[in-house]
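Here is a set of questions and answers for someone new to this structure. Each answer ends on the item asked for.

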Amino acid sequence: MIIANKEMKHKDIKGENMTEILVASHGHFASGLKNSIEILTGMGDKIQTIDAYVDQSDYTKQIIRFIENAQHPAVIFTDLKGGSVNQKVVLEAVNKKNIFVVTQTNLAIVMAVLLDNEKLTRDHIQDLINQSQVELCQIDDSQTESNDSDGDFFE
Amino acid sequence: MIAQLRVDDRLIHGQVALVWTKELNTPGIVVANDNAANNTMVQMTLKMATPTGKKLLIRTVDDAIKVFNNPKGSDMRIFALTNNIEDALKIAKNVKEIDGINVANVGRFANDANKGVQLSSTLMLSEQELTSLKELAELDIPVFNQVVPSNVKTPIKSLLKGK
């Protein structure tokens, strides 16, 4: 298990409050996702991670510590719905106020929450999730149409 | 007005689409690139990379300059992108309202990258690009290198010292 960034800063570069984020996964998905976010945004240090089962240690304590120490609202992302990591997180986070648990995590949703400036409510996090779905890339007519006009752009 | 003119080999991509449009608060993105303006497949990938709710125009460099100088756009914050320094220089010389020029990613993936002049971890320039960059740095506009907003803005003039 790899635990990163026990001391997190609560302010982003603009000095606004940020949501605290923990990503917990089977294996190195969590630290790998953090690495991708560091390359894309330079903000990898804002993300705490648990890479579970890469050794024998019990990561439950790390989940509890995050929940106790995090400025709320906070979000815990897990990799797989119903997986053991997700089960442990849900058990610890249940009945905790303003701890959101998100599962089936992808890069887009973690970045969306990280870069977001609004107060994180249940409705708002649902909006962010809706905008971060996996999708089939396909070419449709709207994408092959010629350029939009200058007029539309300035409207 | 152009809130930022960014020079980036990859035009719109992950760093740009999500991070910079948010940071700069720019509702409009203009890609000024002759190849993209004439290639529907490139246009498709650029449209795919554009965040929901942002407007995108893909224009040749000359047409983009007309867009930037359109009085209708004087109150609109525009994020402008080119994929090379020469195009950025042409725009800088022909457009008045530019808040800053970010020479972010140039030449990192070029085939002859090892022959170039390295200015930073993300800037690897040919001699010709170096000449254009020097000219760009002399204009009366802040010219800097900042890959992601959490990086410090490094003035291009300081990277050019001794080159």
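Q: What covers the buried residues of α1(B)?
A: In this predicted model, helix α1 of chain B covers residues 14–24, and Gln15(B), Val16(B), Val19(B), Trp20(B) and Thr21(B) are buried there. Buried means that 20 or more other C-beta atoms, placed from the backbone, lie within 10 Å of a residue's own; helices are DSSP runs of H or I of at least four residues and strands are E runs of at least two, numbered from the N terminus. The cover includes, from chain B, β1 (2–8), β2 (28–32) and β4 (78–82), and from chain A, α1 (29–41) and α4 (107–115).

Q: Which residue follows α1(B)?
A: The residue after this helix has a positive phi, near 55°. Residues are numbered from 1 along each chain as its sequence is written, chains are lettered from A and ligands numbered from 1 in the order in which they are written. Local features need pLDDT of at least 70, side-chain atom pairs count only at pLDDT 80 or more, and totals for chains, interfaces and linings use all residues. The residue is Asn25(B).

Q: Which element gives the most to the side of chain A that touches chain B?
A: The contact (C-beta atoms, placed from the backbone, within 7 Å) takes 16 residues from chain A and 22 residues from chain B. On the chain A side, the elements that give two or more residues are α1, α4, α6 (141–144) and α7 (150–154). With three residues, the one that gives the most is α7(A).

Q: Is α5(B) roughly parallel or roughly antiparallel to α6(B)?
A: Helix α5 (residues 85–94) and helix α6 (residues 127–137) of chain B pack with their axes 9 Å apart, at an angle of about 25°. Axes are lines fitted to C-alpha atoms over the stretch in contact, and angles run from 0 to 180 degrees between N-to-C directions. Angles under 35 degrees count as roughly parallel and those over 145 as roughly antiparallel, with 65 to 115 roughly perpendicular and the rest oblique. Therefore α5(B) is, relative to α6(B), roughly parallel.

Q: How many helices and strands does chain B have?
A: The C-alpha trace of chain B spans about 40 × 35 × 30 Å along its principal axes. Buried residues make up 39% of its 163 residues. The elements in chain B are seven helices and nine strands.

Technical notes:
Buried ≥ 20, exposed ≤ 12 C-beta atoms within 10 Å, placed from the backbone. Contact = placed C-beta atoms within 7 Å.
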